[in-house]
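Open the model in your viewer and keep the selection panel at hand.

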Amino acid sequence: RSPRPGDPVSDSSYDVVVIGTELTGLIAAAILAKRNYRVLVLGHGSSPNDFTVDGIRYARRPWLFTGFESSGLVKRAFTELALSLEMQNRPKAFDPFFQVALPGRRVDVVAKETVFQRELDREFPGDGDRIQHFYRAVREANQRVSQLLDSAPVLPPDGFFEGRSWRKAVGAALESGVGDPLSLFPEGHPFRAFALAPLLFSSGAQVAPYSPIQLVRMQSHLGRGLYDIDGGIDALKRVFLDKVKSNCGDVRDRVVVERLRLKRGKVREVVLRDRGEVIGCEIVVCNMDVKRFFGLIPQEDQNERYHLKIHELQPTHLLYTTNFALKAEAIPAGMGRHVFTIGNPKKPLEGDNLVLLSVDIGGPQTDPNVAVLSASARIPARGLRPTPETLAALDERLAAAARTIVPFFDEHFIARASAWVSVDKRTNEPFFDTSQLIPIYGSV
């Protein structure tokens, strides 16, 4: 609600308050702090990606790091934060970058172009000309979009008219080529599944319809490598949190926001839970799930038309990850650190028909004889029943996908763990922890 007579005044004030700890918002917070804005980052109940059970480290979700060499915007951010040298040394490209396994096919995506071309010729015989045309169209469209991004003064565009102009410019950049490069291949063609599988996990894109601009950008980044970062996403986030603190910003990762206060339609105060503290601000940045964020605005202060769209927004899919602890010797010698497994390229790439298998996401285990295989899938949100039994059945389907890559899975199985399943401390019974849901939304 808006402040009323007798409400406590602000205990402190900042130019920018960032709520949540998603990576993009932390990068923005670090840059703003470097530019001498007073910045406060509030964790708002966010958890680290790693969690430990019985001495084994598991992951809440997979992270695919791209763009360190191929994104001008990423390079500019690192340069401004004086991280260019560190980011040259910290990320290391996997070899192979990743693998895609389809029925009767397995493609290693590697740095050396001639080797990668041999992979494609072997696994997609007769499609060489179309595939070359596809990658040429991707390179040309990406070059035009990169020029637009380099010339854009502010992103995202501000307001309706700037947004419309930006969309027209991006559309023109794509239409001057073939539009959607994948239109070269008919529906159900295995190369379509090969190209879309990594896009769906690395960008959070919709299954259908996907955006050609996302396809072009992610194909360009993925072609330059998937990167390993020592310590995973938690270590990378700490880099930017440290930059916020070193530039006189503040980080309070254990604080939870109770509500936001508006004055004349703008957020001007953040009320913290359990301590009665009020933080004054000029700008608040949503760095978390949009529906949870807008739930912090009291109903009487909500813009009815705008907030109705937010309230009606429903995820199309949920990103689910379960972890299998195995004896390290079970991992095949030729297996990449990230493998996209596709059951049937003619069916929708969702559920257990598209599974991402990742080995030791956060780095090697303390016990060198143990490896953790994380299996992730985009589960259709409609009809999902929030019960431990549902998740147990889903785990079995993901384990079946893992067995296609790890032949001796069952003989070397140790344990499994998922952040979606927690144990009630009072009853000692498992329950579906909905706070761990990772929603994937369609167009807003």
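In this predicted model, the count of salt bridges comes to 17.

**Stop 1: Arg252 and Glu277.** Select both side chains. They meet in a salt bridge, at 2.8 Å from N to O. Arg252 belongs to strand 9 (residues 250-252), while Glu277 sits in the loop between strand 11 (266-272) and strand 12 (278-286), so the pair ties together parts that are 25 residues apart in sequence. Glu277 has a relative accessible area of 16%, and it is therefore buried, the limit being under 20%.

**Stop 2: Arg416 and Glu396.** Select this pair next; its side chains form a salt bridge of 3.2 Å, N to O. Distant parts of the chain are linked here: strand 17 (residues 413-417) holds Arg416 and helix 12 (residues 388-403) holds Glu396, 20 residues apart. Arg416 is partly exposed at 33% relative accessibility, and Glu396 is partly exposed at 39%.

**Stop 3: Asp410 and Arg403.** The closest N and O atoms of this salt bridge are 2.9 Å apart. Asp410 counts as partly exposed, with 48% relative accessibility; Arg403 is partly exposed as well, with 30%.

**Stop 4: the largest cavity.** Hide the pairs and turn to the inside. There are two cavities of 30 Å³ or more. The largest cavity holds about 100 Å³ of space. Select Trp63, Phe65, Asp228, His338 and Ile361, which lie nearest its centre among the 14 lining residues. Which elements each supply at least two residues of this lining? They are strand 8 (227-229) and helix 9 (232-246). Strand 8 gives the largest share, three residues. Coloured by class, the lining shows eight nonpolar, three polar and three charged residues.

**Stop 5: the second largest cavity.** This cavity has about 60 Å³ of space. Select its lining: Asp50, Arg57, Tyr58, Ala59, Asp360, Ile361, Gly362, Gln365, Val372 and Ser374. Strand 4 (56-59) and strand 16 (370-380) each supply at least two of the lining residues, and strand 4 has the largest share, with three. The classes here are four nonpolar, three polar and three charged residues. Finish by selecting Ile361, which lines the largest cavity and also the second largest cavity.

Notes. Residues numbered from 1 in each chain as written. Predicted model: local features only at pLDDT ≥ 70, side-chain atom pairs only at ≥ 80, totals over all residues. Heavy atoms only, no water. 1 Å grid on protein atoms, 1.4 Å probe; cavity = no way out; pocket = protein on both sides within 12 Å on 5 of 7 lines; lining within 4 Å. Points joined across faces, edges and corners; volume = space filled by probe spheres on them. Helix = DSSP H or I, 4+ residues; strand = E, 2+ residues; numbered from the N terminus. Nonpolar A, V, L, I, M, F, W, Y, C, P; charged D, E, K, R; others polar. Salt bridge = Lys/Arg side-chain N within 4 Å of Asp/Glu carboxyl O. Buried < 20%, exposed > 50% of the residue type's maximum accessible area, 1.4 Å probe, protein only.
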